[in-house]
Amino acid sequence: MSRYAPTPPQTVGPFFHGGLLREGMNVMASADTLGERIRIEGQVLDGDGAPVTDAVVELWQANARGRYRHDADRRLVPEDPTFTGFGRCGTDDDGRYWFETIRPGIVPGPDGDQAPHINVAVLARGLLHHLSTRLYFEDGPGHEADPVLRRVPAERRGTVIAHRTGSGVPPTYRFDIVLQGPNETVFFDL
Amino acid sequence: MSPARAVHADFPPYLYDAYRATVRRAPTHPLVEVPRTLSEITGPGPVVSAASDEDADLTLNGGTGVEAAGERIIVTGRVVDDGGKPVVDTLIEIWQANAAGRYRHRHDQHHAPIDANFIGFGRCLTDRNGVYRFTTIRPGAYPWQNHENAWRPAHVHFSLFGAGLPARLVTQMYFPGDPLMDLDPIFNSVPTAAARDRLIARYAHDVTQPSWALGFRFDIVLRGSEATPFESSEHEHAVQR
């Protein structure tokens, strides 16, 4: 039970770069990391479709076997010591961000497996509290049975699906984050 | 369409007209409620904390060998979860303007001096009691373009992870008695006086060091990550062995 009232959030503001960003935080996999290398890239856009040039995108994901590097994941699935599962990237002057990581494995849900996904947090000037969403892959598998996707109205599910672009190596997925408007990304109440 | 509501009654709404940047950035759809699975009850807090360097003295971490200009202060406090349990070994990242109200940032155009000896950011880990401690200088107020004659009250930005994803917190710490707080839409976006009060540090004479620095205490409460009841069969086996 909650006994203490939580400290309220405030916007990250426009001047976070020195405090939050360091070289290489968006390169999550090393040469020794187990799994299929992928690239994630996209743009953060506002309600006018304009790029959000002062946002931070944070990823949190399981390793290639579907194991989170965290004590609350108590399954007998090996950790990968070369992979934390965390990444952070600031958007550039075009609102773009990118990550190099590995495709996450399958994580169990309350009632069967979840589809492979990456947890995404978005912070920006003008966001008084950060936003949380998930990135799913267009090639799935398992979207139909996913306990979180099932909560999303069918017509909005496409906003949390990353699409393969080109046929290069590593596979590249595009995931735009639209803060507001007709194509607004689905954000979750964690 | 009803705009997205805050995840907690004490948290600011996403759309707050007086803070103009929210108008085209606040989601217009309600947030979708989801079960708390392994993905939500875990989070990067423990692992990024293990990887951090300690850099908790902003008066010296500019690396020039010369101390930053301004009023030296100590900011300390305790980080607990909403059950009162200390959040240990967690990374705290802070950033702030210098004593003149100027950030070391390419987009800060405020006509105030840059301090070559102050980079304006630092980090530290909480100890086994959840306590953190920074030495820094008191930041200045600075103007911004939100409305006519708009000034941000002096503040220090804080970023924390905690145990799971719901604990993630980015906030701002304010200083007691600052008359600019009443005029600030970002501070006032927090809906209740009691919740706004939790963003204000307390002057702490027991922290003040004689002939050296004034002390301020700023305690932080992170949201917990109680799970939707769920454990895998593998876990059951692991426990029984």
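Okay, let's start with a term: I call a residue buried if 20 or more other C-beta atoms lie within 10 Å of its own, exposed if 12 or fewer, and partly exposed in between, with C-beta atoms placed from the backbone. By that count, buried residues are 42% of the 241 in chain B.

Bear in mind that this is a predicted model: local features need pLDDT of at least 70, side-chain atom pairs count only at pLDDT 80 or more, and totals for chains, interfaces and linings use all residues. Residues are numbered from 1 along each chain as its sequence is written, and chains are lettered from A and ligands numbered from 1 in the order in which they are written.

So, the interface. Contact here means C-beta atoms, placed from the backbone, within 7 Å. On that basis 66 residues of chain A touch 75 residues of chain B. The chain A side has 34 nonpolar residues (Ala, Val, Leu, Ile, Met, Phe, Trp, Tyr, Cys and Pro), twelve charged ones (Asp, Glu, Lys and Arg) and 20 polar ones (the others, Gly among them).

Most residues other than glycine have a negative phi, and most peptide bonds are trans. In chain A, though, the bond joining A:G140 and A:P141 is cis, omega about 0 degrees, and the one from A:V169 to A:P170 is cis too, omega near -5 degrees.

B:D89 is partly exposed, with 15 other C-beta atoms within 10 Å, while B:N149 is exposed, with 6.

Note on methods: Two residues are in contact if their C-beta atoms, placed from the backbone, lie within 7 Å.
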